[in-house]
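Subject: Structure handover

Hello,

Please have it open while you read the notes.

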Amino acid sequence: MRLVRLVDQDRPAIRFVLEGQDCSARAGDTLLTAILAGEGSFLRCSEFGDGPRAGFCLMGACQDCRVVVEGLGPVRACATECAPGMVVRRA
Amino acid sequence: MRVAVVGAGPAGVRAVEQLVRAGLRPLWLDEAPDGGGRIYQRPPAGFTRGARALYGLEAAKATALHATLDALKPVTDWRPGTLVWDIGADPRQLHTLREGRAAAQDVDAAILCTGAMDRVVPLPGWTLPGVTTLGGAQIALKAQGCAIGRCVAFLGSGPLLWLVAYQYMKAGATIAAVLDTTPFATKAQALAGLPHDPATLAKGLYYVARLRAAGILVAEGVTPLAIEGEGERGVTALHWRDAAGRERWLDCDALGLGWGVRPELQLADLAGVPIRFDPVQHNWVPERDAMGRTSVRGIYLAGDGAGIGGADVAEMAGACAAQALLADAGLPADAALVRRLQARLRRQARFRAALERAFPFPAQLAASMPDETILCRCERVTAGELRAAAEPEGPQGAAPEVNRAKAFTRIGMGRCQGRVCGMAAAEVLAARLGCGVAEIGRLRGQAPVKPLPFIAAPEAEEAA
Amino acid sequence: MTAPVEADVLIIGGGGAGCSAALHLARRGARVVLLERGLVGSQASGANYGGVRQQGRHPAELPIARRSHEIWRRLPELLGTGCEFVQTGHLKLARNEAEAAELVAYLDVAASHDLRLEFLDGAALRRRFPWLGPAAIAGSFAPEDGSANPRLLSPALARAARQAGATLLEQAAVTACQHEGGRFVVEAGGRRFRAERLLNTAGFWGGQVAAWFGEAVPVRPHTPNMMVTEPIPYVIEPNVGVAGGNVYLRQIPRGNVIIGGGHGMGDPAVPMSRPLAQVTLQAMRRAAALVPALEGVSVIRSWSGIDGMMPDKIPVVGPSGTTPGLFHAFGFSGHGFQLGPAIGAILCELALDGRTETPLEGLSIRRFLAPRPMPAGAAMT
């Protein structure tokens with residue numbers, strides 16, 4: 001867990017799949033929140049060997065929160081709402 | 001007449017409002033699902049906090065803007081969740097991406113209200129999980145109800161530093177420290193005797209006082225040295241030097257950093273609007289007149305994307321740009337409104353200049369970053385690699401400007417196209433070449449404005 | 001204006017050909033001045049796809065391509081950098097029977113120039129290159145070919161040329177150019193330069209230089225539409241093209257896939273050029289048809305540059321038809337990057353020796369020049 005749910009968290013639970021693992025999130029979470037406030041500590045790995053990344057700008061500009069969603073292709077996790085049943089990969 | 005407005009923040013909403021008032025039904029495109037811009041971004045459905053909790057002292061403005069936004073949706077061609085990834089000249093076309101599909105829209109004129117993002121200075125360790133921009137830290141809280149970590153440090157300079165820290169405190173987050181790189185004297189000198197916008201000033205002082213009263217470590221005139229941490233664990237500490245020159249370590253598991261904001265001007269650039277360096281803002285800004293007109297026919301600019309002015313200025317500039325468009329198109333314009341807004345904008349500009357002097361971009365911090373710092377986080381290019389590109393003895397000779405340095409090192413060639421590192425990269429290169437940052441140039445805009453997935457491309461018309 | 005700077009050879013245009021000529025000339029001790037309007041390698045030489053390919057070339061170009069291939073292999077010793085040249089092979093694909101027939105027909109052309117090619121049918125193709133989609137039905141593989149980083153070549157040639165004693169002036173647009181008393185006088189950047197020999201390596205703008213000497217040719221601006229993807233795992237080793245050439249792609253070991261296809265727009269008078277969104281989208285479709293794995297990827301950047309396109313799609317290389325001491329090498333029609341290093345060597349020989357061993361048949365500027373009308377005085381007698 002990286003993000004801390006502080007306020008406004010009384011929302012229905014939803015399920016999604018991250019790297020084949022069944023995960024829990026809350027309705028209205030972005031994928032970034034769903035992953036980083038849940039089980040995941042990072043969103044992607046740098047292609048150039050300098051380690052994991054977990055987003056940076058959170059406003060769709062830096063492109064460092066790229067994940068791949070089945071059916072949507074590569075998306076910005078910070079700007080994509082986590083829908084129930086979404087299948088997400090870090091590649 | 002086909003008119004488009006790109007962006008539904010303060011500038012976009014007020015631009016559309018004027019267009020609709022004049023009887024037009026503009027095409028209105030915004031990347032976010034529900035408009036509002038970054039400052040007045042609304043949480044998704046299901047969040048229950050009220051405007052006061054979300055926007056604090058700006059709640060009334062936010063509520064008013066949202067009301068206008070919602071009222072305008074049914075009387076415009078409203079397209080939320082839509083990225084404009086390129087803009088063509090002849091015919092004038094906006095190339096869009098929505099729900100994974102590319103499309104093109106013909107327009108006669110467009111008002112670009114593309115906003116801003118944080119201006120950052122890379123530090124060793126800034127790519128670690130747990131490090132975000134100040135704006136990012138704010139969005140996590142505002143739009144998702146989350147803190148970026150259990151124990152959060154804030155670093156940088158400018159009004160947002162104090163505002164975000166205050167908002168985190170109010171929401172119950174644990175704050176490790178608020179570290180301002182600007183010395184107190186610089187701020188006091190710039191702001192003293194310039195009460196052009198006493199409300200903004202008063203708000204800033206209020207936030208600082210409340211943070212101090214809560215016993216949070218607050219320091220000014222600091223120098224950040226490195227963010228420490230490792231792999232998936234992410235940030236563990238910030239290594240910094242205080243104003244007295246003492247090296248210190250601060251335990252934290254998250255860090256929000258930023259030094260003001262810079263315009264998101266890629267679309268204006270692609271539309272062919274000339275871009276100039278503004279030494280007061282220390283930003284590259286698109287050239288426009290006081291009304292938001294550009295030298296490119298049919299292209300108008302408003303809001304922070306047209307030069308940083310903040311949300312209040314953006315609202316006024318949006319209305320002005322729409323009025324300019326209406327006047328240029330021979331449609332009835334509201335001259336009295338324009339006179340009133342222009343007078344207020346002039347006053348705001350004086351305040352803004354004082355603000356920029358109070359919170360200067362730490363060019364020296366950027367220029368002196370250690371060689372091993374990852375400068376371009378997309379392509380993993382270090383400051384040392386960029387400096388090597390300035391060496392006449394290098395295999396390609398010295399790069400005399402930033403686009404040539406990009407060609408040699410791949411700096412700014414990644415997914416963000418240099419949005420994040422471009423300003424700092426120019427400082428590093430300018431320092432090494434011994435010239436001013438304006439002479440180094442800027443990374444030129446290239447389509448797509450943001451990555452364009454292959455699945456978005458419509459099926460080719462011909463069989464293979 | 002002060003007295004002109006004297007040189008043995010002047011060069012107009014600092015792309016790969018011009019910079020290579022400066023290098024070769026300086027290494028032979030000639031006093032050489034190169035004049036470049038912007039920075040070296042700013043247009044076609046720097047903005048191109050980076051293909052280093054012999055396969056598929058017009059027979060008239062193949063001798064130059066063969067010679068250039070040898071120079072490419074020696075770049076590290078010549079320049080101190082290989083400019084990321086890698087011999088990954090070039091795979092030219094057919095997507096239908098007509099395109100396959102085109103590949104087969106070229107096998108004879110290649111053989112007559114000692115260019116080794118391997119023809120692969122659909123099954124062999126997919127065995128060897130499993131990342132290929134079903135769109136490709138046959139292919140022709142040229143193992144000696146490959147690719148390089150176009151952004152590095154001209155600057156590296158320029159640096160080596162300067163080290164060898166050449167003068168290369170950037171931001172020095174030519175404002176006047178004359179031939180008087182057997183010598184060329186060129187004005188650029190507020191200075192004058194004079195030499196007995198002049199090399200025209202000005203790309204698209206080479207047409208203008210030729211026109212100054214009464215050799216107007218029908219050269220058009222050519223603006224390739226280029227793009228690059230985000231980095232993905234490295235699988236596409238060869239440089240990939242198709243018969244007909246409407247899409248081409250290569251992957252660099254860092255992972256990015258560079259894709260070209262179609263034309264953007266440009267204005268040589270500015271100069272400016274840019275890709276076109278619809279063309280980008282079309283090339284993306286065509287690329288994904290060849291390599292289905294691209295469906296999960298994004299394009300992150302696109303660009304163009306201005307080259308000169310000749311009506312017959314092969315360049316003008318060789319002596320002027322009107323003016324002794326003037327040598328042309330321009331209008332590379334979208335495929336000059338590989339040729340550049342050898343063009344420099346050839347121009348050096350033409351300028352200093354008056355001849356070259358490399359056959360230039362079919363590339364002379366005379367092919368575009370109308371037969372001269374007989375002078376009026378002559379007709380009278």
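Residues are numbered from 1 along each chain as its sequence is written, and chains are lettered from A and ligands numbered from 1 in the order in which they are written.

Confidence

The model has an ipTM of 0.98 and a pTM of 0.95. Where pLDDT is low, the predicted coordinates should not be read in detail.

Contacts between chains

Two residues are in contact if their C-beta atoms, placed from the backbone, lie within 7 Å. Chain A puts 39 residues into its contact with chain B, and chain B puts in 49. On the chain A side, the elements giving two or more residues are β1 (4–5), β5 (52–53) and β7 (73–76); strands are DSSP runs of E with at least two residues, helices are runs of H or I with at least four, and both are numbered from the N terminus. That side has 18 nonpolar, 11 polar and 10 charged residues. Here Ala, Val, Leu, Ile, Met, Phe, Trp, Tyr, Cys and Pro count as nonpolar, Asp, Glu, Lys and Arg as charged, and the others, Gly among them, as polar.

The contact of chain A with chain C takes four residues from chain A and five residues from chain C. By class, the chain A side has two nonpolar, one polar and one charged.

Strand pairing

Two strands pair if DSSP finds at least two bridges between them. β1(A) runs antiparallel to strand β10 (residues 146–147) of chain B, with two bridges, and A:Val4 stands opposite B:Ala147.

Within chain A, strand β6 (residues 66–69) pairs antiparallel with β7(A) over four bridges, and A:Val68 faces A:Pro74. These two strands form a hairpin with three residues between them, where A:Gly71 in the turn has a positive phi of about 90°. β6(A) also has two antiparallel bridges to strand β8 (residues 87–89) of chain A, in which A:Val88 is the bridge partner of A:Val69.

Nonpolar cores

A nonpolar core is a set of buried Ala, Val, Leu, Ile, Met, Phe, Trp, Tyr and Cys residues joined through C-beta atoms within 7 Å; buried means 20 or more other C-beta atoms within 10 Å of a residue's own, with C-beta atoms placed from the backbone. The largest core has 192 residues, and those touching the most other members include B:Ala15, B:Ile111 and C:Val32. Helix α9 (residues 311–328) of chain B gives the most to this core, with 11 residues. Apart from it lies another core of 109 residues, among them B:Tyr168 and B:Cys378.

Domains of chain C

The domain assignment, which is automatic or from a database, gives domain 1 (5–48 + 151–219 + 311–368) and domain 2 (90–143 + 224–304). Their centres, taken over C-alpha atoms, are 30 Å apart. Five residues from each domain take part in the contact.

Regards

Definitions and conventions
Predicted model: local features only at pLDDT ≥ 70, side-chain atom pairs only at ≥ 80, totals over all residues. Buried ≥ 20, exposed ≤ 12 C-beta atoms within 10 Å, placed from the backbone.
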